[in-house]
Structures are given as structure tokens and as C-alpha cells.
Amino acid sequence: GTGILLHSGAGRVQQCYLDYAPLVIRSDAAAAAVVQGNLFLGTSTIVLEARKWRAKLRALVITGNIFHSWGKANRTFLLDETHGSFDSVTDTVVENNEVTAIVGAAKKLGTRATLSTQMFPGTQSTAIDFSPALIFGSKVGIAEESVRCTMHAPAWATAVSSWVNTPSNVVNVWLAAPVPLTLPSGANIVCTVDQSTRSANAH
């Protein structure tokens, strides 16, 4: 069954306890919703439902929730594209939700993510696939202007550039110079991305 349904995609769900029943949010480009401070127990999860083709998700904030599995791990978010598909995400924030260890092992998801990769001596480029950490697939992809990458290496520095082959959930990283062979541990690349575009400059 369904625990709570936001049939128009708008509303506030705060300080609720969903016990083995999902919160379902239907997409509506004109809606705005806040999901904050809730407990999702067991198989309860958040379902984002597309009600038409090329559905647009806008002004959705999901933060500060706890996903506590009991007996069976469940993904924090599920996409229901039975009656449509998601095309874009705007002014949406899904972050700072906490999970128990068993849920974390089953992949915690969000619209924002940070991943790192090691570049070995002699290499100059790499690619990081964010798909396992993001809610939406490559059709929505990563907002290219959101990508931030930094390089960490002992006693060595060079320029770092990055780009996304839109639409995609893969970030390509290029160094101005190869990692020196004198760095046996190589260089660590850390990238942060967001799937949501912004309609205003202010945060």
C-alpha cells in the first residue's frame, strides 16, 4: 500500500513515521514540496512518480530524513516511470538524509553526490561514473555547471578541467600535465555534482 501520497506533487511532509509504506510524490512542474525530518522504517521509501512523458520535477526539497531498515534493506528512492518519464530536474535538493548501515550498503541515493578516484603515475585523464549514487539516470544527467573537481597530491599541483557528455552521469577529468612518476601514490581526484539545474543565481 501507500503511506502518504502527494497526488499533485505539492505539500509538506514533516516529522512523520512511515512504517513499511512508501511516500509517493507525483511530478508536477508547478508544484513545490518539502520532505523533512521523517523516519522511514523497513521497506518504506520515497517514490518519485512521473505522470507524463518528459515530466519535469521542480522545487522539491528532501533533507534531514532517516531511513532505518528492519530485516530487509531498501533503496532510499525509487523512480516510478510506468506512466511517463522524467526529463529534467530544477530547483531540487535531495541531500543530508541519513541511513543505517544495511541501507547504506544497498546504495544511498541523492541528487547531489561526491566521489573520488585515484590517478596513477603517468596518467592524465580519468572518468567518474556517478550513476550508482544519483537518483536519476543519464536522461536527466548531471547539470554541467554544477561540477566541481579538485586534485590532491603531495608536493605537486597542476590545472584540472572537467566536463560532462550531456546527458550523462559521467564526469570526465583532464589534467594539464600527467601525474609524475615520482609520485608512487599518484593523485586523488574528488568531484562533486548536482542533477538539478537552478532557475535563479541565488542559493
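User: In which strand does V94 lie, and is V94 buried or exposed?

Analyst: In this predicted model, V94 belongs to strand β13, which covers residues 93-95. A residue counts as buried when its relative accessible area is under 20%, and V94, with a relative accessible area of 3%, is therefore buried.

User: Which residues is V94 in contact with, once its neighbours within four places in sequence are left aside?

Analyst: With those neighbours left aside, the contacts of V94 are I62, F77, G110, T111, R112 and I135. A separation between C-alpha atoms can be read as well: V94 and V35 are 59 residues apart along the chain, and their C-alpha atoms are separated by 9.4 Å.

User: How should I read D87, and what does its side chain make a polar contact with?

Analyst: D87 is placed in strand β12, residues 86-90, and because its relative accessibility is 16%, D87 counts as buried. The side chain of D87 makes a polar contact with the side chain of K56, at 3.2 Å. When residues up to four places away in sequence are not counted, D87 touches R54, A55, K56, K139 and V140.

User: Next, the sheet: in what order do the strands of the open sheet of 4 strands stand?

Analyst: In general, the strands of a sheet pair through backbone hydrogen bonds, and the pairing is either parallel or antiparallel. Here the order of the open sheet is β3-β6-β10-β14, with parallel pairing. Because β3 (17-19) and β14 (98-99) stand at the edges and each has a single partner strand, one side of each is left without a neighbour in the sheet. Strand β10, residues 66-68, pairs with β14 in the parallel sense over 2 bridges, and I66 stands opposite E98 in β14.

User: How many aromatic pairs does the structure hold, and how is such a pair described?

Analyst: As a general idea, a pair of aromatic rings is described by the distance of the centres and the angle of the planes. The structure holds 3 such pairs. One of them, formed by F40 and F67, is stacked, with 4.7 Å from centre to centre and 10° between the planes. This pair links distant parts of the chain, since F40 is in strand β6 (residues 39-41) and F67 is in strand β10, 27 residues apart. Both F40 and F67 are buried.

The rings of F86 and F136 have centres 5.4 Å apart and planes at 75°, so this pair is edge-to-face. Because F86 lies in strand β12 and F136 in the loop between β16 (125-129) and β17 (148-152), the pair ties together parts that are 50 residues apart in sequence. Both F86 and F136 are buried. Finally, F40, F67 and F77 form one aromatic cluster.

User: Which residues touch the most other members in the largest nonpolar core?

Analyst: The largest nonpolar core has 25 residues, and I25, I46 and L48 are the ones that touch the most other members. At least two residues of this core are supplied by each of β4 (23-26), β5 (33-36), β7 (46-49), β8 (55-58), β9 (60-63) and β12. For L48, leaving aside neighbours within four places in sequence, the contacts are I25, L57, L60, L78, L79, D80, F86, I135 and F136. Another core, of 20 residues, lies apart from the largest one, and its members include A133, V147, I189 and V193.

Conventions:
Residues numbered from 1 in each chain as written. Predicted model: local features only at pLDDT ≥ 70, side-chain atom pairs only at ≥ 80, totals over all residues. Heavy atoms only, no water. Pairing = 2+ DSSP bridges. Buried < 20%, exposed > 50% of the residue type's maximum accessible area, 1.4 Å probe, protein only. Polar contact = N/O pair within 3.5 Å; in protein donor to acceptor, adjacent residues only side chain to side chain. Contact = heavy atoms within 4.5 Å. Phe/Tyr/Trp six-rings, centres within 6.5 Å; stacked < 30°, edge-to-face > 60°. Core = buried A, V, L, I, M, F, W, Y, C linked by side-chain atoms within 4.5 Å.
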